[in-house]
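Please view the structure below before reading on.

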Amino acid sequence: MSNPIPAKNQAEQVVCFHDGDCPICELEINFMKKIDKRKAIQWVDINKDKAALDQAGITYQQAMDQIHVMDANGMKQGVDGFVLIWQELPYFRRLVPLVKLPVIGSIMKFGYRLFAKYRLALTGRKASREG
């Protein structure tokens, strides 16, 4: 019989601000939610919880431009934000040392910036400047 994995309390949680209307983003987020057995991450859909954005000091447009992730040490964006998430998840933890390698980290950051810039067009959505 296995021991249940204790959930993290809210003060210890990593908070991920994501676009729940992006089908590509939601595919990845839903997978990560399933493996987040410790409930280490608070998943905030920026389209459903605008008050959380205000509380975190992020505009809707900033959140749409790239993923934002917050922990006890502050806010990170893009790949740096994903690193905060990956550190909390089984399987993904192994990616963290790779991303910290200069060449691989640079490639991943470039790839993410490219994806973030064109993700709305890739998913057939129009750019929105309002929340």
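Angles under 35 degrees count as roughly parallel, over 145 as roughly antiparallel, 65 to 115 as roughly perpendicular and the rest as oblique. The model is predicted, so local features need pLDDT of at least 70 and side-chain atom pairs pLDDT 80 or more, whereas totals for chains, interfaces and linings use all residues. Residues are numbered from 1 along each chain as its sequence is written, and side-chain values use heavy atoms, without hydrogens and water.

Helix H4 (residues 78-86) packs against helix H6 (residues 102-122) at an angle of about 110°, the axes being 8 Å apart. H4 and H6 are therefore roughly perpendicular to each other. In this contact (heavy atoms within 4.5 Å), Gly78, Val79, Asp80, Phe82 and Trp86 of H4 meet Met108, Lys109 and Tyr112 of H6.

Across the whole structure, 5 aromatic pairs are found. Rings of Phe, Tyr and Trp (its six-membered ring) pair if their centres lie within 6.5 Å; planes under 30 degrees apart count as stacked, over 60 as edge-to-face and the rest as tilted. Two of the pairs are tabulated here.

| Pair | Centre to centre | Angle between planes | Class |
|---|---|---|---|
| Phe31 and Phe92 | 6.0 Å | 55° | tilted |
| Trp86 and Phe92 | 6.3 Å | 20° | stacked |

Phe31 lies in helix H1 (residues 23-35) and Phe92 in the loop between H4 and helix H5 (95-99), so their pair ties together parts 61 residues apart in sequence. Buried means under 20% relative accessible area, exposed over 50%, and partly exposed in between (1.4 Å probe, protein chains only). Phe31 is partly exposed at 41%, while Phe92 is buried at 14% and Trp86 is buried at 6%. Ring pairs join Phe31, Phe82, Trp86, Phe92, Tyr112 and Phe115 into a cluster.

Conventions. Axes are lines fitted to C-alpha atoms, for helices over the stretch in contact, and angles run from 0 to 180 degrees between N-to-C directions. Helices (H or I, at least four residues) and strands (E, at least two) are DSSP runs, numbered from the N terminus.
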